[in-house]
Amino acid sequence: MRGFTPWPEEYAERYRAAGYWRDETLGGLLRQWAERSGDAVALVDGRPDGSRYSYAELNRLADARAQGLRELGLRAGDRVVVQLPNVPEFAVTLFGLLRLGVVPVLALPAHRQLEIEHFVRLAEARAYVIPDRHEGFDYRGLAASVRAAVPELEHVLVAGEPGDFAPLPDAVPGRAPEPLDQPGPGDVAVLLISGGTTGKPKLIPRTHRDYAYNARASAEVCGLVAEDVYLACLPIAHNFPLACPGFLGALGAGATTVLAPAPSPDVGLRLVERERVTVTALVPPMARMWVEAAGWDTSDRSSLRLLQVGGAKLDQGLAERVTPELGCGVQQVFGMAEGLLNYTRLDDPADLVNGTQGRPLCPDDEIRVVDGETGADVPPGEVGELFTRGPYTLRGYFRADAYNAGAFTPDGFYKTGDLVRRLPSGHLVVAGRSKEVINRGGENVSATMLEDHLAEHPSIAQVAVFGLPDESVGERVCAVVVLSAEADRPPKLKELRAFLADRGLARFVTPDRLVVREKLPVTGVGKIDKRALAGSIEPA
Ligand code: OOB
């Protein structure tokens with residue numbers, strides 16, 4: 001496919017020989033899973049009156065959807081923007097497209113005109129798949145404006161009431177199925193959206209075999225078995241709940257996936273009880289709400305064995321509360337849609353589980369920790385920028401030649417932009433993002449480091465630190481905090497400075513400005529949205 005950078009042949013050979021890459025496609029795997037687990041429950045719609053789907057049924061529905069999409073004229077290699085929430089139609093459409101070799105661009109329900117229009121143009125999408133309504137928003141209105149802006153978009157397909165558009169198509173009953181084009185294992189299966197915080201989101205090509213490995217190896221690390229019940233609380237189009245191990249990993253293990261209709265702890269905890277959920281995945285702001293809800297929520301959580309937390313740094317204090325308060329194990333996941341996944345292991349000692357962001361999934365994940373300026377490796381144990389290369393990490397963003405030149409080293413390492421420290425055990429501790437180092441009059445202040453310290457303050461429940469432009473010193477350090485339940489009054493800036501000084505921080509590593517908020521804005525997957533936050537602060 002134009003715009004896809006394949007792995008060089010010597011690496012491809014190595015990854016095949018090691019058994020990471022197999023001769024498989026995601027659509028073909030569902031067929032094998034259906035043969036193996038036929039009557040077992042693959043998918044549960046978590047809405048109050050939601051249905052249950054066996055492996056055999058999901059397989060059948062995917063075939064019918066593939067036929068319907070083919071009748072519409074879609075062909076292998078075409079792209080389709082899919083923007084569906086956590087509903088079974090997502091699974092049916094995803095596998096229908098995968099079987100046809102049509103590549104879904106997996107947009108999040110929170111994306112709006114700006115992003116969708118960008119995805120449709122960049123991918124030259126032939127179709128756009130939406131729900132009718134979700135969380136009070138009518139996606140048909142959005143589709144109408146996207147269509148008006150990009151008339152080349154041929155089809156808008158709606159799960160639910162189609163309005164002016166067409167319903168998602170299925171095979172015509174009674175008509176003999178047409179033979180489908182067969183995508184190859186090395187073909188692009190899906191285009192994921194980059195979580196990057198600068199510029200327009202990029203598209204990340206993931207091949208059938210690399211994504212299948214991603215899900216399978218992740219399921220192994222989490223010890224997923226057929227008896228497990230995985231609850232998808234995060235938006236299912238995101239890599240974490242989709243394939244780390246998520247829905248795809250659960251299918252591979254013969255387990256059941258429950259789709260949560262909303263990300264709130266009351267909905268999630270009720271589903272834990274109703275479906276006897278064993279594993280789920282959350283971003284840190286949600287994990288905090290779950291831990292807090294555990295204090296008053298009366299649902300039976302005894303089935304839950306593992307809470308995965310990732311997407312942003314989990315502070316150690318919160319990590320330590322998970323087991324005593326929720327009654328399950330915790331696993332930190334430091335991952336990225338671009339590929340590399342780090343997991344704490346189920347048998348890691350508590351200090352590594354609570355205090356690190358895990359170690360790479362694959363023995364052939366190559367990790368370099370480098371000095372961003374010189375490009376040389378930093379001494380062991382020091383903070384540097386994480387560069388990585390491996391069997392499920394991209395070699396180039398989709399159709400982004402100019403950007404790719406700067407985002408990868410000449411020998412194919414992806415420059416993650418994350419600052420990390422590597423322990424002798426191989427575990428990584430995230431120390432921030434290279435772009436989130438605040439430059440105050442020439443002194444470098446790490447936003448993440450300050451956040452880690454401030455999160456320990458008894459009056460602070462949540463904190464985000466970032467730079468605000470300043471004429472005299474370039475940038476000033478702004479801390480936005482949400483007060484904890486224990487706080488009887490907001491702390492003063494002076495008190496926070498004294499608190500930080502007591503913890504041994506240098507005088508210049510301290511906020512210049514303190515803002516108290518009721519809650520912090522979040523991104524489409526639920527991470528704290530610093531860009532939106534910075535934009536909402538009035539000049540001092
Ligand atoms: C996950 O993927 P993305 O693509 O939405 O975001 C990736 C970025 C990373 O580069 C890093 O900056 C940050 O999110 N991040 C973390 C983290 N996990 C992700 N920062 C600190 N600690 C962590 N545990 O967010 C994602 C993909 C797969 C699994 C889990 C998360």
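Colleague: How many residues sit between S25 and S26 in their hairpin?

Modeller: Three residues lie between S25 and S26 in that hairpin. Bear in mind that this is a predicted model. The two strands, S25 at residues 460-470 and S26 at residues 474-483, run antiparallel and are joined by ten bridges.

Colleague: Which residue of S26 is the bridge partner of Leu 468?

Modeller: That would be Arg 476.

Colleague: And how does S26 pair with strand S27?

Modeller: In the parallel sense, over four bridges, with S27 covering residues 513-516. One of the pairs to look for is Cys 478 with Arg 513 in S27.

Colleague: What does UniProt have to say about residues 450-527?

Modeller: The unreviewed UniProt entry annotates them as "domain: AMP-binding enzyme C-terminal". In the model that span is 19% helix and 32% strand, and its end C-alpha atoms are 18 Å apart.

Colleague: Which domains does the domain assignment give?

Modeller: Domain 1 is 25-262 and domain 2 is 437-536. Their centres, taken over C-alpha atoms, are separated by 38 Å.

Colleague: Let's switch to sheets. What is the strand order in the nine-strand one?

Modeller: The order is S2-S1-S13-S12-S14-S15-S16-S17-S18, in an open sheet with mixed pairing. Strand S2 (52-54) and strand S18 (359-360) are the edges, each pairing on one side only. Within the sheet, S15 (residues 306-310) and S16 (residues 329-336) are parallel and share five bridges. Gly 310 is opposite Val 333 in S16.

Colleague: Which strands does helix H11 lie across?

Modeller: H11, residues 284-293, lies across strand S12 (229-232), strand S14 (279-282) and S15. The helix runs at about 125 degrees to S14.

Colleague: And the four-strand sheet, what's its order?

Modeller: S19-S20-S21-S22, again an open sheet, with antiparallel pairing. Its edge strands are S19 (366-370) and S22 (428-433). From one strand to the next the twist averages 45 degrees. Five bridges join S21, residues 414-422, to S22, and Asp 418 has Arg 433 in S22 as its bridge partner.

Colleague: What's the peptide bond from Cys 244 to Pro 245 like?

Modeller: That bond is cis, with omega near -15 degrees. Pro 245 is in the loop between helix H8 (239-243) and helix H9 (246-253).

Colleague: What about phi of Glu 124 and Arg 399?

Modeller: Phi of Glu 124 is near 50 degrees, a positive value in a residue other than glycine. Arg 399 also has phi near 50 degrees. Glu 124 is in the loop between H5 and strand S5 (127-131) and is partly exposed, at 45%. Arg 399 is in the loop between strand S20 (384-389) and helix H14 (401-407) and is buried, at 18%.

Colleague: Last one: where is Leu 108?

Modeller: Leu 108 is in the loop between strand S4 (103-106) and helix H5 (113-123), and counts as buried at 11% relative accessibility. Beyond its sequence neighbours, its contacts include Gln 83, Pro 235, Gly 524 and Val 525.

Definitions and conventions. Residues are numbered from 1 along each chain as its sequence is written. This is a predicted model: local features need pLDDT of at least 70, side-chain atom pairs count only at pLDDT 80 or more; totals for chains, interfaces and linings use all residues. Side-chain values use heavy atoms; hydrogens and water are left out. Domain bounds come from an automatic or database domain assignment. UniProt positions are given in the numbering used here, feature names are shortened, and annotations may be inferred rather than shown by experiment. Buried means under 20% relative accessible area, exposed over 50%, partly exposed in between (1.4 Å probe, protein chains only). Contact means heavy atoms within 4.5 Å. Two strands pair if DSSP finds at least two bridges between them. Axes are lines fitted to C-alpha atoms, for helices over the stretch in contact, and angles run from 0 to 180 degrees between N-to-C directions. Lists of a residue's contacts leave out its neighbours within four places in sequence.
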